[in-house]
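Thanks for making the time this morning.

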Amino acid sequence: MVEQLAAGFTAAFAPANLVALLFGTVVGIVVGILPGLGPMVGMVVLLPFSFAFTPDVALSLLLGVFCGGYFGGAVPAILMRTPGVPSSLITSFDGYPLTRKGEAQTALSAALLGSFGGGVISLWILVFLAPILAHVAASFGPPEYLTVAVFGVVLVVMAFRDRLAQGLMLLGLGFWISTVGIDGSTLGARFTFGTLIMQNGLHIIPVCLGLFGIGQTLLLVERDILRGREVHLSRSTLDFSKLWLALRYWRTLIRSGVIGTFVGLLPGTGSILASFMSYDAAKRLSKEKERFGKGTPEGCLASEAGNNAVPAGTMIPLLTLGIPGDALSAVLLGVFTINGIYPGPLLLVKEPVLINTLYWSMLLINVAAFAMLVVWLRPFAMIVKVPSRLLAVVIMVISLVGIYAVNTRLFDAGVAVVMGVLGYVLLRLNWPIVNLVMGIVLGEIMENRLRQTLSLGEGSLAILLGRPISMALLGLTVLIIAGPLILDRRRAKKAEKSDFVRRAS
Amino acid sequence: MADEQKNAESRVHDLLGAVLGLFALGLLVTSPWHVDRSGPDPFYKGPLIFPLLVLILMVGASLPSLWRVLRTRGGTWYLDGQGLPVRSLRVLALLVLFLAGLVYLGLEISTWAFLFAALWTVEQRSVWKLVGIPTLVTLCLYLVFKVFLGVWFPEPVLLEALME
């Protein structure tokens with residue numbers, strides 16, 4: 001254990017890894033600060049470049065963007081009431097009122113301390129919880145993996161149950177996209193429409209880059225998201241005295257970090273819920289409840305600790321079960337599988353150095369993001385002044401050239417453009433695009449598990465009923481489907497009844 | 001009319017759902033011809049079972065949309081109440097031209113031309129933005145992809161023809 005930790009430490013501090021994670025963190029902070037972009041765009045734009053690196057360096061680069069994005073998102077939320085990432089909206093509830101009172105430094109100190117603390121706390125939980133979960137999952141066979149995957153997918157679908165049919169359609173489309181090309185088991189062609197170029201399948205990188213990189217930037221060229229461009233900061237660095245003051249909310253910090261991690265652990269929940277639940281818990285348990293919403297550093301700290309705990313939280317099911325919790329970790333799963341590494345309980349046994357390198361890298365990313373924003377607060381904050389439309393067209397051209405460069409195939413760039421149009425439409429219609437990504441990433445894994453399970457059961461899925469873990473997971477899945485639907489129906493009936501009473505009176 | 005109201009009444013959601021459903025139905029019906037099943041595996045181990053399941057899922061999920069598209073009258077066709085995406089469509093057209101430009105004009109000229117035209121389209125029209133940014137980005141892409149990574153780009157067909 002100590003040897004592996006030391007090996008991970010050495011690998012994390014290797015020059016290539018350090019450069020990658022620092023670069024990723026800078027990109028993450030920048031895309032986090034820029035409203036309308038976010039860490040997903042940063043990750044998919046860097047995805048083609050990650051092929052040039054070893055898996056640990058590639059993952060450090062993308063994790064830097066993932067974590068750095070959440071750090072950066074708080075800055076415009078506090079200074080301009082425009083969240084850089086959606087979850088930072090909760091931070092603006094107290095951050096912006098503090099800025100209007102001339103206490104932007106207090107709000108930023110609390111938010112950054114919250115982000116750093118949340119990141120570190122969730123990392124500790126990841127380090128201790130992942131081996132336990134992996135130990136449990138070590139006894140899993142294909143039927144158990146299949147039911148875990150179904151459970152994860154159902155959680156994501158039910159998270160968007162107000163758009164259930166849309167979510168199911170997109171999930172199905174994602175699964176179908178994953179089947180295009182040569183079938184890995186039989187080497188037979190599927191949905192290639194007689195073309196040679198389709199035999200390589202629709203690769204996850206052009207698809208994701210199109211959906212998020214091109215789709216999001218097409219949206220940006222027509223919308224001006226910023227509410228104002230005035231940035232008021234009393235000094236160019238963070239005020240250290242305010243940082244110490246924020247430390248008196250250490251209980252809130254720990255609580256929010258724990259809440260954020262466990263919310264992130266559940267697929268489909270997302271960072272907004274983590275942020276909101278942490279904020280709500282802080283408000284309920286605070287001695288200064290009345291200050292929430294009017295400008296208290298505790299609110300900023302709780303919200304940011306909650307959302308920055310999510311990346312490590314999502315890594316727990318990803319590393320131990322191979323189930324991504326959100327679109328961002330789905331992209332990370334894609335990087336693993338592209339490199340021939342299949343996350344699951346054996347990953348911790350087979351690739352201990354890689355896992356420990358990831359742990360150290362995540363710690364370093366949190367330290368680096370915190371330090372960068374403390375020292376270069378004003379330069380980073382000024383990034384919001386760059387016109388988003390200008391950035392959008394530059395990102396488009398970098399994305400397309402990058403996607404071409406991966407396999408030197410113009411077809412991939414064409415796929416990215418088509419997916420960009422689909423992503424643009426889905427984003428404008430507010431369809432749950434995360435389901436599509438989950439389908440694409442999990443499709444191959446689920447299909448393999450299904451076929452293995454059917455082989456074990458000689459063509460029958462009844463084998464699932466004879467295995468206790470599968471049965472328990474299936475029971476949970478049924479509960480997750482039925483529970484919210486029944487609750488929603490009751491709520492709707494209640495609302496209808498009260499509406500009727502109101503009209504009658 | 002508020003944006004949310006326009007969005008709620010919009011039939012574009014149902015139209016997209018119906019299109020996806022019909023697409024899935026088409027694939028479902030023709031899938032035996034699109035999937036090579038020549039191997040010795042029984043059906044449950046074979047390459048067709050998973051596509052069939054997911055296409056059935058898609059068709060099933062799209063049925064309410066299909067029903068509403070066919071039966072409902074009225075409603076609007078707003079995408080989301082934010083107007084027609086004219087600027088996005090123009091930039092999209094430029095993106096397609098950029099891909100064609102990579103083949104006919106090469107990386108450098110097509111990148112510069114795309115950025116110039118796209119920045120003009122999105123109303124970033126100062127001299128620095130129209131000339132400086134495209135030149136800088138083109139130089140960076142040239143250095144990163146051609147010089148450092150050594151990526152092969154198509155020989156510009158049109159330029160070669162002109163040179164001859």
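I will begin with chain A as a whole and then turn to chain B.

Please keep in mind throughout that this is a predicted model, and that what I quote has been computed from it.

Chain A, in secondary structure terms, comes to 22 helices and two strands. Its radius of gyration is 23 Å, close to the 23 Å that the globule rule gives for 505 residues, so chain A is as compact as a globular protein of that length. If you look along the principal axes, the C-alpha trace of chain A spans about 70 × 65 × 50 Å. Of the 505 residues in this chain, 61% count as buried, and among its contacts with a separation of 6 or more, 79% are made by residues 24 or more positions apart.

Now to chain B, which is divided into domain 1, covering 3-71, and domain 2, covering 86-163. Taken over C-alpha atoms, the centres of these two domains of chain B are separated by 38 Å.

The pair I want to show you is helix α4 of chain B, residues 86-104, with helix α5 of chain B, residues 107-121, which pack at an angle of about 170 degrees with their axes 9 Å apart. Because angles over 145 degrees count as roughly antiparallel, α4(B) and α5(B) are therefore roughly antiparallel to each other. On the α4(B) side the contact includes B:Arg87, B:Arg90, B:Leu94 and B:Phe98, while the α5(B) side includes B:Leu107, B:Ser110, B:Phe114 and B:Ala118. By class, this contact of α4(B) with α5(B) has nine nonpolar, four polar and two charged residues.

Terms used:
Residues are numbered from 1 along each chain as its sequence is written. Chains are lettered from A and ligands numbered from 1 in the order in which they are written. This is a predicted model: local features need pLDDT of at least 70, side-chain atom pairs count only at pLDDT 80 or more; totals for chains, interfaces and linings use all residues. Side-chain values use heavy atoms; hydrogens and water are left out. Axes are lines fitted to C-alpha atoms, for helices over the stretch in contact, and angles run from 0 to 180 degrees between N-to-C directions. Helices (H or I, at least four residues) and strands (E, at least two) are DSSP runs, numbered from the N terminus. Angles under 35 degrees count as roughly parallel, over 145 as roughly antiparallel, 65 to 115 as roughly perpendicular and the rest as oblique. Contact means heavy atoms within 4.5 Å. Ala, Val, Leu, Ile, Met, Phe, Trp, Tyr, Cys and Pro count as nonpolar, Asp, Glu, Lys and Arg as charged, and the others, Gly among them, as polar. Domain bounds come from an automatic or database domain assignment. The radius of gyration is taken over C-alpha atoms; the globule rule is 2.2 Å times the number of residues to the power 0.38. Buried means under 20% relative accessible area, exposed over 50%, partly exposed in between (1.4 Å probe, protein chains only).
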